[in-house]
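Look at the structure first, then read the points below.

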Number of protein chains: 2
Amino acid sequence: MTDTTTTPTNERPGSYHHGDLPSVLIAASADLIAERGPHAFSLREVARRAGVSHAAPAHHFGSARGLLTAVATEGFEFLERALSEAYESDDDPREQLRRGGSAYVATALRYPGHYAVMFADELHDPDDEPLVIAGCGAYERLLECVERIRDQLNPDLDVETAATMAWATMAGLVVLSPSLPNVAEQNELTFRPIDELIERFTAFFMEGFVHAR
Amino acid sequence: MTDTTTTPTNERPGSYHHGDLPSVLIAASADLIAERGPHAFSLREVARRAGVSHAAPAHHFGSARGLLTAVATEGFEFLERALSEAYESDDDPREQLRRGGSAYVATALRYPGHYAVMFADELHDPDDEPLVIAGCGAYERLLECVERIRDQLNPDLDVETAATMAWATMAGLVVLSPSLPNVAEQNELTFRPIDELIERFTAFFMEGFVHAR
DNA sequence: CCCGTACACTTGTCAGTGTCAAGATCAGCT
DNA sequence: AGCTGATCTTGACACTGACAAGTGTACGGG
């Protein structure tokens with residue numbers, strides 16, 4: 001049971017028209033993927049969960065890929081919002097970077113259904129305009145944060161490279177997160193919770209950011 | 001006539017028995033996924049490419065998931081071999097780390113069909129023993145490299161965290177690699193080739209590794 | 001030489017899937 | 001009231017994974 005977006009959800013029970021079927025379908029898709037993985041996603045199962053006929057989703061989104069593209073777009077919007085809030089919550093750019101990283105991973109783990117689609121080029125349409133706009137929006141938030149680090153800590157910092165590295169590390173951390181407990185167990189090492197890793201990672205970053213040429 | 005050598009690479013054209021169907025199926029699966037993505041993978045298409053009936057793959061691997069697990073296992077074996085070779089090619093642990101990172105990304109991009117499955121828990125069986133062994137093997141190579149860095153450069157280095165960070169960054173870089181050109185174009189920035197990024201990343205790492213408490 | 005067994009693979013079938021075409025239903029406007 | 005267009009349903013087709021049962025092949029012991 002997921003609440004849809006902020007738009008007024010006119011659920012009209014007995015009505016032929018659904019009210020706001022597209023956003024209900026997006027939410028149902030994200031739930032389904034979160035529960036059973038992207039491979040278990042199916043238009044018919046989504047339609048079933050939304051209580052509509054099997055072909056209704058295709059009417060709004062054209063195809064399975066179209067629906068997943070919409071899910072990915074919403075995911076990037078969530079991410080941009082989470083980064084904005086993290087950056088607003090403190091003035092120190094170091095702390096901003098740390099909170100942003102934490103927010104990135106938290107968002108990915110909180111919306112696993114969205115995140116699973118966001119970087120899977122075969123599942124969505126990488127050229128879809130709303131998707132590209134949403135993705136760039138999130139990236140620009142990060143870029144601004146790194147620019148503040150450059151302005152206040154190291155004018156020689158290559159903003160683009162640093163931003164790519166920060167994003168890549170967080171993205172990699174999300175990819176590895178399910179495996180981390182297993183790996184720690186197999187190698188008889190202590191398992192570190194993700195937030196602790198992020199904190200240490202940020203310290204590493206800062207060391208490199210401040211001294212980078 | 002029929003050479004009964006234990007090596008199973010005997011393609012016997014007119015034969016009923018295929019010779020070495022399992023490895024042919026693994027290769028066909030990797031090719032198919034590399035060409036058309038994991039969602040386009042199907043046992044029947046793989047069987048078609050291998051020239052066998054639609055149910056032959058299931059006989060050897062049990063299910064689609066079983067076949068993909070074998071693909072992932074082979075991918076980790078490739079990765080471990082690539083890391084080993086990279087580490088053997090130089091004595092300086094800094095240079096080893098750089099070459100290892102380069103080898104990681106190169107392997108992922110060279111075997112995209114394998115890599116796409118290796119970290120997708122819903123596509124393979126995470127508890128499959130050969131898979132776990134292969135995955136841990138690759139991780140141990142990296143761990144050894146970071147241990148050498150600790151021994152020679154910074155005895156206080158937390159090996160586990162550093163290794164996780166290195167792996168996460170490379171994994172994230174692979175995830176982002178298809179998007180990087182788009183992002184650079186959208187934001188009117190210069191696109192940096194991946195090897196250049198890796199080089200800069202390694203410099204960042206070292207700064208953090210050497211100074212980390 | 002021949003037979004029987006174990007394995008490798010095929011054939012057939014089932015429910016479930018995405019997509020398309022055509023039909024049904026409804027909201028809103030003139 | 002009637003028309004129009006958007007929303008959703010129904011039906012069909014080729015495709016999929018999994019299962020059951022059958023067929024072909026190799027190989028070792030008589």
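H10(A) and H10(B) are roughly perpendicular to each other, a label for angles of 65 to 115 degrees; angles under 35 count as roughly parallel, over 145 as roughly antiparallel, and the rest as oblique. This is a predicted model, in which local features need pLDDT of at least 70 and side-chain atom pairs count only at pLDDT 80 or more, while totals for chains, interfaces and linings use all residues. Residues are numbered from 1 along each chain as its sequence is written, and chains are lettered from A and ligands numbered from 1 in the order in which they are written.

**H10(A) against H10(B)**

- H10(A) and helix H10 (residues 194-211) of chain B pack at about 115 degrees, with axes 8 Å apart. Axes are lines fitted to C-alpha atoms, for helices over the stretch in contact, and angles run from 0 to 180 degrees between N-to-C directions.
- The crossing of H10(A) past H10(B) is right-handed. That term applies if the near helix is turned clockwise from the far one by less than a right angle; anticlockwise gives left-handed.
- Phe204(A), Glu207(A), Gly208(A) and His211(A) in H10(A) meet Phe204(B), Glu207(B), Gly208(B) and His211(B) in H10(B).
- By class, the residues of this contact are 2 nonpolar, 4 polar and 2 charged. Nonpolar covers Ala, Val, Leu, Ile, Met, Phe, Trp, Tyr, Cys and Pro; charged covers Asp, Glu, Lys and Arg; the others, Gly among them, are polar.

**H10(A) against H8(B)**

- H10(A) also packs with helix H8 (residues 159-176) of chain B, at an angle of about 80 degrees and with axes 11 Å apart. That makes H10(A) roughly perpendicular to H8(B).
- On the H10(A) side, Leu197(A), Arg200(A), Phe201(A) and Phe204(A) take part; they meet Thr161(B), Thr164(B) and Met165(B) in H8(B).
- This contact holds 4 nonpolar, 2 polar and 1 charged residues.

**The whole interface**

- In total, 37 residues of chain A are in contact with 37 residues of chain B. Contact means C-beta atoms, placed from the backbone, within 7 Å.
- Helix H7 (129-153), helix H8 (159-176), helix H9 (180-186) and helix H10 (194-211) of chain A each supply at least two residues of the side that touches chain B.
- H8(A) gives the most, with 13 residues.
- The side of chain A that touches chain B has 21 nonpolar, 10 polar and 6 charged residues.

**Symmetry**

- A rotation of 180 degrees, with 0.0 Å of shift along its axis, superposes chain A on chain B (RMSD 0.1 Å). That is the relation of a two-fold axis.

**Chain A overall**

- Chain A has 10 helices and 0 strands. Helices (H or I, at least four residues) and strands (E, at least two) are DSSP runs, numbered from the N terminus.
- The C-alpha trace of chain A spans about 65 × 40 × 30 Å along its principal axes.
- Of its 213 residues, 42% count as buried. Buried means 20 or more other C-beta atoms within 10 Å of the residue's own, exposed means 12 or fewer, and partly exposed lies in between; C-beta atoms are placed from the backbone.

**Leu21(A)**

- Leu21(A) sits in helix H1 (residues 21-36) of chain A.
- Leu21(A) is partly exposed, with 18 other C-beta atoms within 10 Å.
- Leaving aside neighbours within four places in sequence, Leu21(A) is in contact with Ala50(A), Val52(A), Ala56(A) and His60(A).

Technical notes:
Copies are superposed by least squares on the C-alpha atoms of residues with pLDDT of at least 70 in both. Two residues are in contact if their C-beta atoms, placed from the backbone, lie within 7 Å.
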